[in-house]
Amino acid sequence: MTTPHTVEPLRALLLEAIHPVAAERFAAAGIEVEQVGRALEGEDLVSSLKGVQVLGVRSGTQVTADVLAAATDLRVVGAFCIGTNQINLPTATRNGVAVFNAPFSNTRSVVELAVSEIIALTRRLTVQDDAMHAGRWQKSAKGSHELRGRRLGIVGYGNIGTQLSVLAEALGMHVRFYDTADRLALGNARRCRSLEELLADSDVVTLHVDGRAGNASLFGEEQFARMKPGSIFLNLSRGFVVDHHALRAHIESGHLAGAAVDVFPQEPKSPGEEFVSELRGLPNVILTPHVGGSTEEAQQDIGNFVAGKLRDYAAEGNTSLSVNLPPVSLPRALGTTRVLLLHTNTPGVLATVNGVLADHGLNIEGQLLGTRGSMGYVVTDVAALDSDDVVDALRALPETVRLWVLR
Ligand SMILES: NC(=O)c1ccc[n+]([C@@H]2O[C@H](COP(=O)([O-])OP(=O)(O)OC[C@H]3O[C@@H](n4cnc5c(N)ncnc54)[C@H](O)[C@@H]3O)[C@@H](O)[C@H]2O)c1
C-alpha cells in the first residue's frame, strides 16, 4: 500500500501583462503565481512551464502542440481574451488540458462604442468636428437626426446584439434583428425573417455576427444596395465579413450617410505599422483600431472571469464554460477526497471506474459524468483516501487520459 502524496501548492504562470486582479485571485486561493509581462515562445515557454499547472496567456503566446506535449505538468490554460486561436485546442483536448476564455467580458464595451457611434453618425459629429478644426462654422440641421423613433437593424443577435437591443430601445429606437439561429426577441424588438427584410427597413444597420467561415463577405454590393438611402452602417464584428470596396462606393455616392468600422480584413500587427484601408479619408466614416472591447473595465472583467474559471477548475475540477472539455460542475461533498478523471469517451468507463473504487472499499459520496466528442470526464467524491493504491489503479486504466486528486 502506497501512502498518499503530500499536497504541493499549485503554480500558475501568467504571461503578457494580464490584469493584476488575476494574480490577486490566484494568491487568495493559495496558488503560487509567477508573472511575465510579455509573450514567451517555444523553448522559453516550455522551460517556464516546468512544475506549472495553470497557464494564463493573451493573444500573443502560441500554445502549440509541441508546447502542450512538452508541458507535462500543465492542467489548464486560460486565454485572458475572447479568441482561442493561439491555443492548439485538439491537442489540448487529447492531452486532457482544459482551456477557458472570456467569451462575454467585453460585451458591454462593444455595445457602448456602437451606441456612441450611432449617435455620432446620426448627428454627423465627425463632419462638424472636422469643419470646426478647419475653421469652418457650418451651423445647420441638415442630415442631423434624433435617435428617437429611428429604426435599428441588428444582424447577429447574440451576446452583443441583444445587449445593444436593450440599450437602443432605452434611447427610443425601434429595434429589429436578423439571426440565423432562433433567438428570443428582447423588449419590443422585432425579428426579421430575412436579412433583406431588415435592410429594407432600417435607418441604421449594425453587424454583430460571429466569425464562422461562412460569414466571409456576408455584406457586399448587393446588401449595401438594399439599404435605405441615407442610412448608416456599422461593423464591430469581424473584418472579413464586409466588402470595403463596396462600402466606399456607397459612401462616396451618398447612398449611405455614414459608417463606423472597428474591424478590418488586414489589421496592422504592431502600432508602428501603417493602417492601410480603402475606407481612409471618407466623410462621416468613423474608423477605430479594433478597440470595441478594449476598455480598462473589460480588461479587469476578463482578468476576474478567467482567473475564477481557472481557480474553479484547479481547486474543484469544475469545467463549466470550458472551451474544450465536457461541462461538469459538482458541488463538493463535505470531508471527501475528489478524484478527477479525464478519459476516452468509450462505453463502460464509468462502470470500470466504480468497480475499481468498490474493489478498494471506497463509498461514492457524489459523482458526475460529462462527455464531449472523444473526451469523457468524471468527477467523483469519495470518503477520504488513506492510500494511493486506488489512484494508481485508476491511472493504469487504458481509457485514462489524465487523473488527479483534490484532497
Ligand atoms: N470589435 C471588438 O473589439 C469585438 C469585441 C468582442 C467581440 N467582437 C466580435 O463581435 C461578434 C459578436 O460577438 P458576440 O459575443 O455577440 O457573439 P455571439 O456568438 O454571442 O453572437 C453571434 C450571433 O450571430 C449569429 N449569426 C452568425 N452568423 C450569422 C449570419 N450570417 N446572419 C445572421 N446571424 C448570424 C449567431 O447565430 C449568433 O446569435 C463576434 O464576431 C466577435 O468576435 C468584436
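Predicted model: local features only at pLDDT ≥ 70, side-chain atom pairs only at ≥ 80, totals over all residues.
Trainee: Which atoms of isoleucine 160 and aspartate 179 lie by an oxygen atom of the ligand, and at what distance?

Mentor: For isoleucine 160 it is a backbone N or O atom, at 2.8 Å from a ligand oxygen. For aspartate 179 it is a polar side-chain atom, at 2.6 Å from a ligand oxygen. Asp179 is also among the closest of the 27 residues that surround the ligand, along with Arg183, Val209, Asn215 and Arg238.

Trainee: What makes the pair of histidine 250 and histidine 255 a polar contact?

Mentor: The two side chains come to 2.8 Å. That is within 3.5 Å, so the distance test is passed. Leaving aside residues up to four places away in sequence, histidine 250 touches Glu221, Phe224, Ala225, His255 and Leu256.

Trainee: How do you know that the buried residues of helix 12 are on the same side?

Mentor: They are Val349, Val353, Val356 and Leu357. They share a side of helix 12 because their arc around the axis is only 100°. An α-helix has 3.6 residues a turn, so residues three or four places apart point the same way.

Trainee: What does the buried side of helix 12 pack against, and which exposed residues does the face turned away carry?

Mentor: The buried residues pack against strand 13 (336-344), strand 14 (364-372), strand 15 (375-383) and helix 13 (389-395). Ala351, Ala358 and Asp359 are the exposed residues on the face turned away.

Trainee: How do you know that strand 3 and strand 4 pair?

Mentor: Pairing needs at least two bridges, and four join strand 3 (residues 54-57) to strand 4 (residues 76-79), so they pair. Valine 54, for instance, has valine 76 in strand 4 as its bridge partner.

Trainee: What makes strand 2 and strand 5 edge strands?

Mentor: The five strands form an open sheet in the order 2-1-3-4-5, with parallel pairing. Strand 2 (32-35) and strand 5 (98-100) each pair on one side only. The average twist from one strand to the next is 15°.

Terms used:
Residues numbered from 1 in each chain as written. Heavy atoms only, no water. Axes fitted to C-alpha atoms, helices over the stretch in contact; angles between N-to-C directions. Buried < 20%, exposed > 50% of the residue type's maximum accessible area, 1.4 Å probe, protein only. Arc of directions from axis to C-beta. Contact = heavy atoms within 4.5 Å. Near = heavy atom within 4 Å. Polar contact = N/O pair within 3.5 Å; in protein donor to acceptor, adjacent residues only side chain to side chain.
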